[in-house]
Amino acid sequence: MIADVVIAGGGPNGLMLATELGLAGVRPVVLERLPERTTENRANGLVGQVVRMLDRRGLYERLSGSTEPPKPAPGFVFGALPLNLSVLDDNSLYMLQVPQLRVQQILEERAVELGAEIRHGHEITGLSQQDDAVTIEVEGPDGPYRMQARYLVGADGGRSVTRKLAGIDFPGVTRDSTVSLSLHATVPGAMVDPATGGLNVPGYGPVPQFMHHRTERGLFVYAPFPGKPPIITTIEWPEDTPGEEELPTVAELRASIGRVLGVDVPLGEPEGEGPFLRRRLIGGNTRIAERFRDRRVLLLGDAAHVHSAIGGPGLNLGLQDAINLGWKLAAEIHGWAPPGLLDTYDTERRPASERVVMHTQAQSALIAPGGEVTELRKLFTELLGDPRTVKHLTDTMSGADIRYDPGSAAHPLVGRWAPDLENETIRLAELTRDARPLLLDLTKDGSLKGEARGWSDRVDVVRAQLDDAPATALLLRPDGYVAWASDSPEPDAVERADLRAALARWFGAPIAM
């Protein structure tokens with residue numbers, strides 16, 4: 001039996017893809033090399049558009065425990081410089097403090113609910129492509145075996161075996177100039193400021209919580225997440241870097257803090273139930289795959305791109321890769337995809353990854369030691385006094401600046417993320433839970449349903465009345481981006497023809513009526 005889709009990698013990105021495919025009626029097989037779910041927590045929150053996207057899939061409530069919709073963050077940082085987001089009328093940066101392990105758990109549960117088969121302890125060891133399938137060699141708990149799939153998706157991380165076996169190059173740069181230590185540790189209670197939650201370090205001064213705090217000698221972060229000892233991180237630029245990423249000790253972290261802050265901060269071993277974080281990272285990689293698709297093999301997440309973690313962009317980028325790819329892959333499986341649809345995965349997500357590389361490298365430059373960097377930071381601080389600069393950086397970090405190719409459409413919303421629409425009778429996030437294309441008809445006569453009749457098997461039509469809406473009609477792709485829009489109370493024949501063209505461009509040929 002040939003599987004429709006095999007996903008190599010059972011981390012958040014692979015599981016998000018499995019969920020999206022499940023919503024579209026495709027039952028993928030997920031191959032995860034680890035024998036059981038990892039206990040290593042690699043991130044502690046979500047930042048950017050993906051928070052609202054998870055709300056549009058009904059997953060935000062599961063992750064946050066709140067029935068309230070997400071709200072934009074009041075502040076953030078760029079290159080360890082504070083961003084006052086309260087100056088923005090339209091703040092696109094959303095945050096959700098939730099451990100990556102919890103994200104992975106919820107996504108795995110949802111993927112299984114929707115029919116995904118998850119095989120732990122199964123690792124890809126080889127592949128070959130045919131015209132209509134991929135043959136995959138797998139090493140499992142009971143020995144090697146072979147399986148076939150119509151498509152194989154590599155979501156197996158920065159050292160992706162899938163990418164290597166497919167012969168896809170991974171150009172970029174590797175640097176070894178930094179050493180980062182991150183550990184759960186305790187600090188003296190007298191240092192914690194009860195008003196701010198940050199630290200008052202004797203001989204140094206205040207250090208805010210959850211913020212990158214730069215000195216001329218390095219970077220310091222104090223992150224007191226609830227339910228665990230705080231995570232304390234330092235980054236230094238030593239003259240000589242160690243060759244091995246051995247697990248660091250609390251004593252090493254204390255010594256590093258002394259060098260970065262110039263004062264001693266007594267640290268204790270973490271208390272309570274583990275597991276506890278102990279991580280040393282030497283340098284880092286910035287790389288983007290030469291191509292995200294090679295015939296029937298595709299890459300997403302870290303398998304397609306790696307970059308600095310500063311600003312927390314990784315899951316925002318990778319999960320949106322999965323959401324972009326899922327509906328397009330399902331369209332191919334179900335046979336209604338228009339020509340070239342699957343190729344738009346690369347043309348749309350590559351620019352998104354390039355912008356993440358750009359802003360993370362810029363932030364890395366801003367946190368480096370040295371007098372020249374200090375002067376650069378002074379200039380940036382002046383620029384951040386202008387709300388337009390804050391808006392530009394916020395949209396860049398959240399991903400709200402992305403506009404996919406609008407084609408010939410003139411409406412400014414086409415290619416953009418669909419704005420949140422809500423009143424007492426309608427909430428867009430509740431209309432997109434099943435990941436189907438959606439025509440939202442807000443016109444006076446609600447007559448656009450007839451234009452979508454030929455796509456009724458794959459496009460939902462909802463008629464509603466909404467005051468102060470940014471458009472009178474919106475055609476939305478399953479990933480939340482606008483495929484067509486109108487401002488006319490009663491769209492004319494030309495606009496209706498444009499709507500039908502957009503339906504065909506994204507959702508294939510109409511069915512015979």
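Modeller: Let's start with Arg214, which is buried because its relative accessible area is 13%; buried means under 20%, exposed means over 50%, and partly exposed lies in between, using a 1.4 Å probe and protein chains only. Before going on, a word of caution: this is a predicted model, where local features need pLDDT of at least 70, side-chain atom pairs count only at pLDDT 80 or more, and totals for chains, interfaces and linings use all residues. Residues are numbered from 1 along each chain as its sequence is written, and side-chain values use heavy atoms, leaving out hydrogens and water.

Back to Arg214: its side chain meets that of Glu216 in a salt bridge, 3.9 Å from N to O. The term stands for a side-chain nitrogen of Lys or Arg within 4 Å of a carboxyl oxygen of Asp or Glu. As background, side chains of opposite charge can pair when their charged atoms come close. Glu216 has a relative accessible area of 37%, so it counts as partly exposed.

How many of these bridges are there? The structure holds 35. Glu290 and Arg291 make one of them, with N and O 2.8 Å apart. Glu290 is partly exposed because its relative accessible area is 43%, and Arg291 is partly exposed too, at 23%.

Now for Glu451 and Arg496, whose closest N and O atoms are 3.1 Å apart in their salt bridge. This pair ties together distant parts of the chain, 45 residues apart: Glu451 is in the loop between strand E21 (438-441) and strand E22 (460-463), while Arg496 belongs to helix H12 (residues 493-507). Those labels are DSSP runs numbered from the N terminus, with helices (H or I) of at least four residues and strands (E) of at least two. Both partners are tucked in: Glu451 is buried at 16% relative accessible area, and Arg496 is buried at 14%. There's also a network of salt bridges, linking Asp55, Glu422, Arg427 and Arg433.

One more arginine deserves a glance. Arg110 is in helix H4 (residues 100-113), and at 18% relative accessible area it counts as buried. What does Arg110 touch, leaving aside neighbours within four places in sequence? Its contacts, meaning heavy atoms within 4.5 Å, are Thr19, Leu23, Leu59 and Arg62.

So where does all this sit? The protein has twelve helices and 24 strands. Its radius of gyration is 24 Å, close to the 24 Å that the globule rule gives for 513 residues, so the protein is as compact as a globular protein of that length. That radius is taken over C-alpha atoms, and the rule is 2.2 Å times the number of residues to the power 0.38. Along the principal axes, the C-alpha atoms fill a box of roughly 75 × 60 × 40 Å. Of the 513 residues, 54% count as buried. Among contacts between residues at least 6 apart in sequence, 69% join residues at least 24 apart.
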